[in-house]
Amino acid sequence: MVVCYLGIGSNLGNRGKFISLAINKINKLKGTQIIKASKIIETEPLGGPASQAKFLNAALKIKTILSPTVLLKKLKKIEKELDRTKTVRYGPRTIDLDILFYADKIINRKNLKIPHPKVFKREFVIRPLLEII
Ligand code: PH2
Ligand code: MG
Ligand code: MG
């Protein structure tokens with residue numbers, strides 16, 4: 001079992017509902033439990049189309065037996081189940097699930113970078129993270 005931190009964001013549709021559905025689904029992943037969930041905060045969109053809606057953001061502390069690769073795959077599956085479709089970069093999304101930290105691992109693959117490369121640059125990530133870390 002390793003400790004891992006996830007970032008959650010939503011700015012499309014019923015944002016609060018998407019976040020709580022995502023949290024439920026994460027808690028049901030094999031060998032995975034949520035240890036702590038931050039408050040949900042509303043944040044100004046950073047990047048993407050000028051007129052996109054405000055985000056709700058949160059962070060989770062979880063314990064998991066899943067490897068980083070499998071965890072990423074499962075999170076992508078949950079995003080898909082919650083109607084996430086590819087739009088423009090940084091554009092509106094029903095749900096965005098990012099691995100922020102995975103134990104003390106450093107991973108630098110094309111499709112998976114841990115720690116999340118922008119984790120220390122984004123207030124909407126740092127604020128909920130500081131609450132649970
Ligand atoms: N996610 C982005 C781009 N911009 N802005 C806020 N406020 N919150 C986010 O989660 C967010 C963003 C790309 O993942
Ligand atoms: Mg993101
Ligand atoms: Mg993402």
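Donors are N, O and S atoms within 2.8 Å of the metal (3.2 Å for Na, K and Ca); water is not among the atoms, so sites may look incomplete. The model is predicted: local features need pLDDT of at least 70, side-chain atom pairs count only at pLDDT 80 or more, and totals for chains, interfaces and linings use all residues. Residues are numbered from 1 along each chain as its sequence is written, chains are lettered from A and ligands numbered from 1 in the order in which they are written, and side-chain values use heavy atoms, with hydrogens and water left out.

The magnesium ion (ligand 3) has Asp96 (OD) and Asp98 (OD) as protein donors, 2.2 Å away. The two magnesium ions, ligand 3 and ligand 2, lie 3.6 Å apart, and Asp96 coordinates both. Asp96 and Asp98 are buried (under 20% relative accessible area; exposed is over 50%, partly exposed in between; 1.4 Å probe, protein chains only). Asp96 counts as buried because its relative accessibility is 15%.

Asp96 also belongs to the shell of ligand 1, together with Thr43, Glu44, Pro45, Leu46, Phe55, Asn57, Tyr90, Arg93 and Phe124 (a heavy atom within 4 Å). By class, this shell holds 5 nonpolar, 2 polar and 3 charged residues.

Polar contacts are pairs of N or O atoms within 3.5 Å. An N or O atom in the Asp96 side chain lies 3.0 Å from an oxygen atom of ligand 1. A polar side-chain atom of Thr43 is 2.8 Å from a nitrogen atom of the ligand. A backbone N or O atom of Glu44 is 2.7 Å from a nitrogen atom of ligand 1. Taken alone, ligand 1 exposes 340 Å², of which the protein buries 96% (Shrake-Rupley method, 1.4 Å probe).

Technical notes
A polar contact is a pair of N or O atoms within 3.5 Å; within protein, one must be able to donate a hydrogen and the other to accept it, and residues adjacent in sequence count only if both atoms are side-chain atoms. Ala, Val, Leu, Ile, Met, Phe, Trp, Tyr, Cys and Pro count as nonpolar, Asp, Glu, Lys and Arg as charged, and the others, Gly among them, as polar.
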